[in-house]
Amino acid sequence: MDRRRGNGEALRSAGDQILISESPRLFARRPGPRLFRARSAVLLALLAPLLLAGCGVSGLQKRRAGYTLFYNGDMEGAAAALADSTDDKNRLLYALDRGVIAHTSGRPEDSNRSFARAEDYIFELDVTDVSDQASSFLVNDYRIAYKGEDFEKVLVHPFKALNYLALNDPDAALVECRALNNRLVEINERHGGESVYNDDAFARYLSGIIYESQGNRNDALVDYRLADSAFVGYGRKYGTPYPPSLQASLLRLAEAQEMGHLVDAFRERWPDVKWVPWPERRAMAEVVFVLETGQAPVKEQARFDAVAGEEDGAPTVLSIAFPKYRVIPPEVGRSVLRAGERAAGDELVEDVSSIAVKDLRDRYGRVVAKEIARVAAKTVASEQVKQKNEILGFLLNLVNSANEQADLRSWETLPAQFRIARVLVPPDLPFPLSADIYAPDGRKIETVGLGEWTLRPGETLFLYHRTLY
């Protein structure tokens, strides 16, 4: 059992003493009530593995075995392992993971079927299950069906949009971009406009690129301006750099729409930016490459245990557990898209790791408040039993303490980052396409071949690639 000192001091409340120890040996220094405390700690340590097997942790371990197979490149093995570890409480996660597995395997139709199923589950789970909530309050949050983090629900739509682009259906991709906007509106209304994650710059930018590829200048400019606002927020909240290619796009579209005041405003903000004018852009072709890289952060448990009680009675074990994210350091620093003799470096457009950490930190007060309320309710219940039967009350307290586990479920097949590279190419001429992928220290990791292509004037080719490191 992980025991930690609270600022090195003993805490006192209503005449009871709370002891926080790094070792159960503290409770066995002399006979009597303290020996009872030692036995309580030992019993808790012995009972915990058996109790945890039935409260969600065992299922999480099985799921993470599937995630290991995924990141080792075994897509079939990962799908089978995740299916084997899935129950009704985890059906949303399974649909999300199946969507990513098919997406990564180059099966966009299968991927979108899984993501559509995930959307159905999201809609169903938005209606709170009262019995689940009551059960979770008596045990832990593993008794609730996983509903997904806000950013996880939103990222379903960019994945579907990329799948539709791979299927050469940009209109369907734009439907996903609009659905994403509806989801953001719902999130903001639910949190009273106070959620840190209240816009998605990557999706806004992708939507603008799609509109521009269709020659729709007005809607392209609208979404580029929404992306502009979102990236300003991303810089402030997550430290995401503003992508220079968006600056050039805003100037190109503002100029094409003859909105001189916007051109002047953008030039004042970015005096050194060069852009390709609209007529020249439409005479060329473009390749848009989305790189999905790394592994999103995983949840780990922060747990604190204490023992309280009077000297002449059975002790009470108090346990509090809540989730925290562990960020997995990225192995990819950047990529360079090469189209024949032309090349363009990529730009970070979505730092999923930073969003996840900041989003959880933003709602930590609500998480901890719920945890404290649950522990208090459990403690009251065990104390009531203890008044009638001290041993039974003590054992109920041990069971409650062992079952107090943070919900560590998350969409672990998500990438850590989305990056975009855009390059203009001459039309009607064949060219080889590849992406050089580099580590953060500048070392080239690999070159990914993306085939040979010939594009028409004004045509845009959308490609994506997922690295599993």
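Student: What makes α11 mostly covered?

Tutor: In α11, 11 of its 13 residues are buried. Buried means under 20% relative accessible area, with exposed over 50% and partly exposed in between (1.4 Å probe, protein chains only). The model is predicted: local features need pLDDT of at least 70, side-chain atom pairs count only at pLDDT 80 or more, and totals for chains, interfaces and linings use all residues. Residues are numbered from 1 along each chain as its sequence is written, and side-chain values use heavy atoms, without hydrogens and water.

Student: What covers the buried residues of α11?

Tutor: The cover includes α9 (201-213), α10 (217-238) and β9 (417-425). Helices are DSSP runs of H or I, at least four residues; strands are runs of E, at least two; both are numbered from the N terminus.

Student: Why is Lys299 called buried?

Tutor: Its relative accessible area is 4%, so Lys299 falls under the 20% cut-off. Lys299 sits in strand β4 (residues 298-309).

Student: What makes the pairing of Lys299 and Glu149 a polar contact?

Tutor: Their side chains come to 2.6 Å. A polar contact is a pair of N or O atoms within 3.5 Å; within protein, one must be able to donate a hydrogen and the other to accept it, and residues adjacent in sequence count only if both atoms are side-chain atoms. The pair therefore qualifies.

Methods. Contact = heavy atoms within 4.5 Å.
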